[in-house]
Amino acid sequence: MAKGKTATIFFCQNCGYESSKWMGQCPGCREWNSFVEETVSRTSGKGSGACAAQGTGRAQPAVLSEITVREEDRLSTGMGELDRVLGGGIVQGSLTLVGGDPGIGKSTLLLQVCRNLSGEGHSVLYISGEESPAQIKMRADRIGEFASSMFLLCETSLDAISDTIRSRRPEVVVIDSIQTMFSENSSSAPGSVSQVRESTSVLLQLAKGLGVSVLIVGHVTKEGTVAGPRVLEHMVDSVLYFEGDRHASYRILRGVKNRFGSTDEIGVFEMRERGLMEVQNASEYMLSGRPENASGSVVACTMEGSRPLLVEIQALVCHSNFGIPRRQTTGTDFNRVNLLMAVLEKRSGVQLAACDAYVNITGGIKVVEPAIDLGVVIAVLSSFKNHVLSPKLAAFGEVGLSGEVRGVSMAKQRVAEVEKLGFDTCILPYVCLEECSRGGKIRTVGVKTVQDVIDLVF
């Protein structure tokens with residue numbers, strides 16, 4: 001396309017697929033009615049990637065065996081929970097995306113990170129396209145005092161932002177948010193597919209070319225994914241999601257992508273008057289306020305990345321007054337709970353077809369790991385039989401369609417976490433018993449089938 005020439009192009013809002021005409025179904029992601037029309041202008045650039053950001057011309061091929069590899073230089077954020085999710089800290093020249101619902105605490109978290117980094121003498125630039133300097137100052141006063149190496153810029157023009165970053169060369173840059181950034185190379189409105197993609201591309205070039213660590217705030221859609229093209233998550237190095245109810249005090253930061261560490265790590269925070277505070281013992285925090293002498297409650301152990309986490313599973317089972325019983329779940333997969341109830345009815349003769357069932361994972365965390373199957377089964381049976389379980393009992397294991405209890409990964413770490421929280425009995429798959437029964441004061445009981453669990457507990 002000639003320099004400065006405009007054209008009408010259709011973009012898929014879900015995956016960023018580009019087409020010259022409108023289509024009902026996207027060929028890339030198979031989503032229906034996701035194409036939007038945008039007018040774009042393309043200019044011929046002199047280069048791309050890190051070399052373009054540095055102005056050194058085109059990249060040249062290099063011999064793979066001659067490339068030297070060094071350990072990434074990481075900056076500690078001053079928050080242990082965030083460092084855990086990032087894999088040890090912020091990597092120099094990385095591009096990190098932080099997404100979450102409105103009001104969940106994304107801006108507050110990153111402002112606290114800026115305060116900690118500037119307090120250590122690092123140069124930090126906070127760029128806001130949504131708030132005025134006075135609004136950010138009011139939030140900053142609640143958090144605490146900031147050092148002189150913390151700079152604030154309220155700007156939406158990407159060209160002005162690029163010039164500022166190149167001239168000041170800060171170590172860390174925060175963009176709040178990517179949906180408000182505007183590039184002159186695209187004639188579409190801010191927040192559109194082409195603008196988000198163009199803005200992220202420019203920030204990626206700056207991060208890799210100048211060695212600046214960039215943290216981007218991204219809005220999420222009603223489905224819980226980052227708004228804009230799906231290619232946005234592919235371009236960045238790390239993707240973090242803030243979960244939890246904004247009206248509650250707890251927040252869960254989950255890493256779903258990390259090129260410099262393990263994924264599915266979580267960090268637990270509590271929203272207080274002076275900002276987000278770290279929750280050091282997440283398992284104890286999740287189990288706080290457990291009911292006493294109540295049926296339908298059991299503790300299960302799940303793995304979030306490399307961290308074992310104890311969660312309370314609550315179940316309420318009662319006879320239905322309607323022809324079709326009602327089933328509802330919170331924090332776990334609805335279809336998985338229906339499957340487990342069908343296994344109980346088929347393999348163990350527990351008549352649950354005429355019962356309403358409600359299953360809840362307390363603490364606001366969402367668990368999809370199959371290792372909580374055994375906990376769900378015990379909680380449902382406890383409520384159905386109105387049998388109060390021991391408060392010192394914990395369980396984990398995957399349940400198959402034949403009623404067998406299958407082994408899970410990292411069983412030894414799970415038992416160690418259960419023992420650390422003061423539990424005296426842990427029910428686990430029989431195949432994991434030999435690995436977990438060496439040492440320790442906790443009593444481990446291995447089960448092979450769901451019927452073994454019924455005979456043991458009830």
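Author: A salt bridge is a side-chain nitrogen of Lys or Arg within 4 Å of a carboxyl oxygen of Asp or Glu. Here Lys208, Asp237 and Arg259 are linked in a network of such bridges, and the count by this rule comes to 14 salt bridges. This is a predicted model, in which local features need pLDDT of at least 70 and side-chain atom pairs count only at pLDDT 80 or more, while totals for chains, interfaces and linings use all residues. Residues are numbered from 1 along each chain as its sequence is written, and side-chain values use heavy atoms, with hydrogens and water left out.

Reader: Which residue forms a salt bridge with Arg336?

Author: The partner is Asp373, with the closest N and O atoms 2.4 Å apart. Helices are DSSP runs of H or I with at least four residues, numbered from the N terminus. Asp373 lies in helix α10 (residues 373-385) and Arg336 in helix α9 (residues 334-348), so the pair ties together parts that are 37 residues apart in sequence.

Reader: Is Asp373 buried or exposed?

Author: Buried means under 20% relative accessible area, exposed over 50%, and partly exposed in between, with a 1.4 Å probe and protein chains only. Asp373 is buried at 2%, whereas Arg336 is partly exposed at 24%.

Reader: Where do Lys420 and Glu417 lie?

Author: Both belong to helix α11 (residues 411-420), three residues apart, about one turn of the helix. Lys420 is exposed at 57% relative accessible area, and Glu417 is buried at 9%.

Definitions and conventions. Helix = DSSP H or I, 4+ residues; strand = E, 2+ residues; numbered from the N terminus.
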